[in-house]
Amino acid sequence: MFSTRHIAPPVLTLVTVLAVVGCAAADDGNTSPGTTDTVRSTLLTDPSTFDPARATATDDYQVARLLYDTLLRRDDGNRLVGGLARTWESVSASEYVLTLRDDATCSDGTPITAEVVAASLSRFMDPATGSSARSLAFGRGQSTVTADDAAGTVRISLTEPWSDLLTGLTLPQSGIVCPAGLADLDALAAGTATGAFSGPYTLAEAQPAVSYRFDLRDDYDAWPEFSTPLTGTPAASVALVPLSDDATTATQLLAGALDVAPIFDDNVARLETGGGFDAVTVTSSTSYVVFNEREGTIFHDNRDLRLTVARLIDPEALNDIVTSGRGEVLHTLASNNVPYVVADSPAAIAYDPNAAGSLAGVHIAMIGTTAFGEANDYIAEVLRAAGATVDLSAVDNATWSTTTGAGGSGWDLTLQGDVNAMGTLPSSLLRVMGPTTEQGGRSKTGADNAEGYSALQRALAATDDADKAAAFAEAQESVLARVDALPLVSSVATWFSAPGFSVRAFGDYVDISTLRLTD
């Protein structure tokens with residue numbers, strides 16, 4: 001699922017949002033740097049769940065990172081660092097052994113043993129759990145985890161090679177749920193299973209549409225040892241306020257009612273010219289058109305029609321609409337900064353409305369999340385101008401995700417936003433190849449791209465970097481040559497930290513658990 005700042009007008013009025021943020025700030029007491037023990041930041045909207053395995057959107061990932069520790073964490077330079085794991089070994093691309101630290105506990109004091117970790121991972125990798133990240137972490141084969149409490153190790157075995165597994169164990173969705181959470185899944189999802197948490201914070205207060213407060217555990221001492229150590233002090237409390245309007249977020253940062261927050265649009269300039277903020281800019285997501293090629297859709301077995309549509313859509317125009325020109329036109333589906341992305345592909349789909357042809361008599365059912373309001377409208381109008389009849393269904397993020405994830409032939413085309421939490425190429429490629437969403441995979445196209453998926457599998461089984469790069473290139477070429485998707489643009493976010501506060505970015509990933517008071 002995808003989340004971004006809303007392009008369409010926000011649901012809350014400015015006055016209402018100011019009141020909400022003001023109330024959250026008032027609850028936190030003195031907020032001057034050096035005198036507060038709370039860091040105040042934002043969510044895009046309310047989390048849909050507090051069950052990490054079933055997290056599907058940016059806000060779910062953010063709260064999961066505060067509440068649940070993962071075995072490994074991302075570090076600078078695409079490196080990994082230990083989380084709950086002290087050491088790790090790739091026995092092969094199909095077998096991995098991780099040795100756990102021996103001092104980690106759950107929020108109710110339960111020791112985090114190998115058996116506790118194995119029980120949580122077994123649920124995460126079980127297809128019945130329905131985690132959207134399962135195939136991303138473990139691949140398409142069957143996976144098992146074996147615990148050895150005496151040795152303090154967990155062994156993960158795969159029936160098919162998957163060299164991204166260790167990176168997959170950094171995903172928020174792989175967060176370790178303690179026994180109290182596994183014993184009551186409804187309470188886990190609601191955030192009320194108080195002993196479920198393995199991470200640094202517990203959920204202290206949840207007021208939907210108002211604020212969420214997370215309190216630091218007194219007994220927590222399992223912070224990762226990043227290659228560049230974090231400076232400052234962990235906040236005693238983290239207060240997150242749902243805000244969907246960048247102008248309001250910028251105003252609250254400037255007024256001192258927020259301490260750290262991302263800005264996605266031209267309001268960046270307001271923060272850059274005043275307030276003494278530290279800033280880091282990251283690629284927050286990518287966007288691309290996904291064609292539904294299942295039987296019964298107009299794009300099924302019709303590459304020529306997909307190419308006609310693709311040539312009519314201008315990535316530069318989308319960049320202006322979605323990012324105010326601050327993003328970057330994509331080479332393929334992932335951010336251009338992701339390893340193994342191919343630039344200047346001979347199969348690249350060029351914007352060329354003159355060569356595209358007519359869409360007269362073509363009826364297109366388009367579905368789009370309201371997060372992409374004006375961008376959806378642009379695509380629909382371009383296709384209508386070429387003669388197509390376009391029925392655009394603009395729905396909320398949850399409905400869009402459910403509908404496009406269910407497969408079926410009720411929609412033909414969508415603008416997909418992709419939050420690549422792993423920072424790897426397969427994370428994006430699996431949106432358009434391999435097992436479909438209705439099969440428990442990630443592919444929304446329903447396309448049978450056996451050649452491309454075979455290349456992806458070879459890349460993930462390769463031990464030689466040149467072989468890996470060549471196989472990844474073949475997989476990307478197949479998507480472009482088949483026109484299963486149309487790469488468009490990356491979206492960027494600039495995270496601003498007021499004096500006395502900080503947060504760390506690792507590549508294009510901002511880890512909210514690194515929020516610190518620095519004064």
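Where is the place of serine 174?

1. Serine 174 lies in the loop between α5 (165-168) and α6 (179-182); helices (H or I, at least four residues) and strands (E, at least two) are DSSP runs, numbered from the N terminus. This is a predicted model, in which local features need pLDDT of at least 70 and side-chain atom pairs count only at pLDDT 80 or more, while totals for chains, interfaces and linings use all residues. Residues are numbered from 1 along each chain as its sequence is written, and side-chain values use heavy atoms, with hydrogens and water left out.

2. Serine 174 is buried, with a relative accessible area of 2% (buried means under 20% relative accessible area, exposed over 50%, partly exposed in between; 1.4 Å probe, protein chains only). Neighbours within four places in sequence aside, serine 174 is in contact (heavy atoms within 4.5 Å) with Thr70, Leu121, Phe124, Gly168 and Leu169.

3. One disulfide (a pair of cysteine sulfur atoms within 2.5 Å) is found in the whole structure. It joins cysteine 106 to cysteine 178, with an S to S distance of 2.1 Å. The pair links distant parts of the chain, 72 residues apart: cysteine 106 is in the loop between β5 (95-100) and α3 (114-125), and cysteine 178 is in the loop between α5 and α6. The torsion about the S-S bond is about -95°, so the disulfide is left-handed. Both cysteine 106 and cysteine 178 are buried.

4. Helix α16 (residues 450-461) has twelve residues and should span 16 Å at 1.5 Å a residue, the expected span being 1.5 Å times one less than the number of residues. Its end C-alpha atoms are 16 Å apart, which agrees. The buried residues of α16 are Gly452, Tyr453, Ala455, Leu456, Gln457, Ala459 and Leu460; they pack against α15 (425-429) and α17 (465-482).

5. Two charges sit over rings (NZ of Lys or CZ of Arg within 6 Å of the ring centre and within 35 degrees of the ring normal). The charged end of lysine 444 is over the ring of tryptophan 400, 4.0 Å from its centre. Arginine 516 lies over the face of tryptophan 223, at 4.5 Å from the ring centre.
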